[in-house]
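Hi,

Here is the structure I promised to pass on.

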Amino acid sequence: METIRLPRVMRETSIKEKRSGRTIGFVPTMGALHEGHMSLVRAAKAENDIVVASIFVNPIQFSPREDFDRYPRALSDDLEKLEDLADFVFLPEKESMYPPDFSTRVEVVGVSESMCGRFRPGHFQGVATVVLKLFNIVQPSRAYFGQKDYQQSVIIKRLARDLDLPLEVVVCPTVREADGLAMSSRNAYLNPEERKAATALYRALHAGAKAIKEGQRDTLQLSGAMRLTLSEEPLVSQVQYISAYDAETLQELETIEKKEIVLAGAVIVGTTRLIDNLLVNDLK
Ligand code: AMP
């Protein structure tokens, strides 16, 4: 495994690999790697000749009030985890990604506006911008994202389609802890009581899925049922949203029809923001 810091060197390396006829599987991350990330790396390895992972805490997707400075960083552990799976780890410096006169932003309209978009203005613009940059640098054949960040995966797929990017976007299932909590680098912020309380989001989404299975078709009633589960957990200090959305357009639904839907929510536990989702056709 080789680490590369300069975008120019990463790009030249990728071009050389592709010229030799090898496919490149790419896993962009912000580090503090857990099993969720590793499942993407393993999928990339199974389906491509070469695996590139990137670790970059992207400053432009954090608002000034968010946790950029305290975002968990664990580089040496991360490199150890990647050692046997990745061929290249791309570790760009902030300065080489964003020189002082950097002035371009990529915006995927519509799908960026609902759900997390309402609470994190500018976030998905920062994500789309860095992902397009990373795609141009790494030149992947396939890029791997987690369903955990469902809205992000829809945005990246749309970006790739709209801008004719010559790659396939692959979305892999959410990896969870034994009690259902979706793995996330931010779970490290939770103290033991908050960690227990954090499962409320998954439980609420399940309560929603169960209600649909039992015939509930009214979204207001459905979000009421999900909010009830959350309200039983005192350490959930804020519910930013929890509802049913069209899985493709991400528009909030008034009624649950037969088409594919996603139940998704964002809550604050203590001071930590957690997100999760369930696709309704995932229902057992
Ligand atoms: P991050 O480091 O949080 O930016 O995440 C990097 C990639 O890992 C994104 O595509 C995430 O959706 C994905 N990811 C994060 N957590 C999980 C999880 N629990 N299961 C599957 N994928 C995940």
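**What I found**

With 57% relative accessibility, Ser 76 counts as exposed, because the cut-off for that is over 50%. Before going on, please keep in mind that this is a predicted model. Ser 76 sits in helix H3, which covers residues 75-82.

The protein splits into domain 1 (2-172) and domain 2 (185-281). How many residues does each one put into the contact? Domain 1 brings 23 residues and domain 2 brings 17 residues. Taken over C-alpha atoms, the domain centres are 26 Å apart.

Between them, domain 1 and domain 2 bury about 2000 Å², and 53% of that is on carbon and sulfur atoms. On the domain 1 side, Met 115, Phe 119 and Tyr 150 lose the most area to domain 2, together making up 31% of what that side buries.

As for charges, the count between the two domains is 1 salt bridge. Asp 67 forms a salt bridge with Arg 186, with the closest N and O atoms 2.8 Å apart. There are also 9 residue pairs in polar contact across the interface of domain 1 and domain 2, both partners being at pLDDT 80 or more. Which helix gives the most to the side of domain 1 that touches domain 2? That is helix H6 (residues 150-162), with 4 residues.

**The cores**

The largest nonpolar core has 46 residues, and the members that touch the most others are Met 10, Val 52, Phe 90, Val 131, Phe 135 and Val 138. Helix H5 (residues 123-138) contributes the most to this core, with 10 residues.

As a bit of background, nonpolar side chains tend to be buried together in soluble globular proteins.

Leaving out residues up to four places away in sequence, Phe 135 touches Phe 26, Pro 140, Ala 143, Phe 145, Ile 156, Leu 165 and Leu 167.

**The loop between H4 and H5**

Ser 114 is placed in the loop between helix H4 (94-97) and H5, and at 14% relative accessibility Ser 114 counts as buried. Setting aside residues up to four places away in sequence, Ser 114 touches Gln 151 and Leu 250.

Met 115 is found in the loop between H4 and H5 too. Buried or exposed? Met 115 has 2% relative accessibility, so it counts as buried. Its backbone is worth a look as well: Met 115 has a positive phi of about 45° although it is not a glycine.

Asp 164 has a positive phi too, near 55°, and is a residue other than glycine. Asp 164 is in the loop between H6 and strand E6 (168-172), and at 64% relative accessibility Asp 164 counts as exposed.

Ser 243 belongs to strand E7 (residues 236-246) and counts as buried, at 2% relative accessibility. What does the side chain of Ser 243 make a polar contact with? The partner is the side chain of Glu 252, at 2.6 Å. Beyond residues up to four places away in sequence, Ser 243 touches Thr 219, Ser 223, Met 226, Glu 252, Val 262, Leu 263 and Ala 264.

Met 30 is in the loop between strand E2 (24-29) and helix H2 (35-47), and its 17% relative accessibility makes Met 30 count as buried. Not counting residues up to four places away in sequence, Met 30 touches Ile 55, Phe 56, Val 57, Asn 58, Gln 61, Phe 62 and Tyr 71. Thr 3 is 27 residues from Met 30 along the chain, with 15 Å between their C-alpha atoms.

Cheers

Conventions
Residues are numbered from 1 along each chain as its sequence is written. This is a predicted model: local features need pLDDT of at least 70, side-chain atom pairs count only at pLDDT 80 or more; totals for chains, interfaces and linings use all residues. Side-chain values use heavy atoms; hydrogens and water are left out. Helices (H or I, at least four residues) and strands (E, at least two) are DSSP runs, numbered from the N terminus. Buried means under 20% relative accessible area, exposed over 50%, partly exposed in between (1.4 Å probe, protein chains only). A polar contact is a pair of N or O atoms within 3.5 Å; within protein, one must be able to donate a hydrogen and the other to accept it, and residues adjacent in sequence count only if both atoms are side-chain atoms. Contact means heavy atoms within 4.5 Å. A nonpolar core is a set of buried Ala, Val, Leu, Ile, Met, Phe, Trp, Tyr and Cys residues joined through side-chain atoms within 4.5 Å. Domain bounds come from an automatic or database domain assignment. Buried area is the accessible area (1.4 Å probe) that two parts lose on being put together, summed over both. A salt bridge is a side-chain nitrogen of Lys or Arg within 4 Å of a carboxyl oxygen of Asp or Glu.
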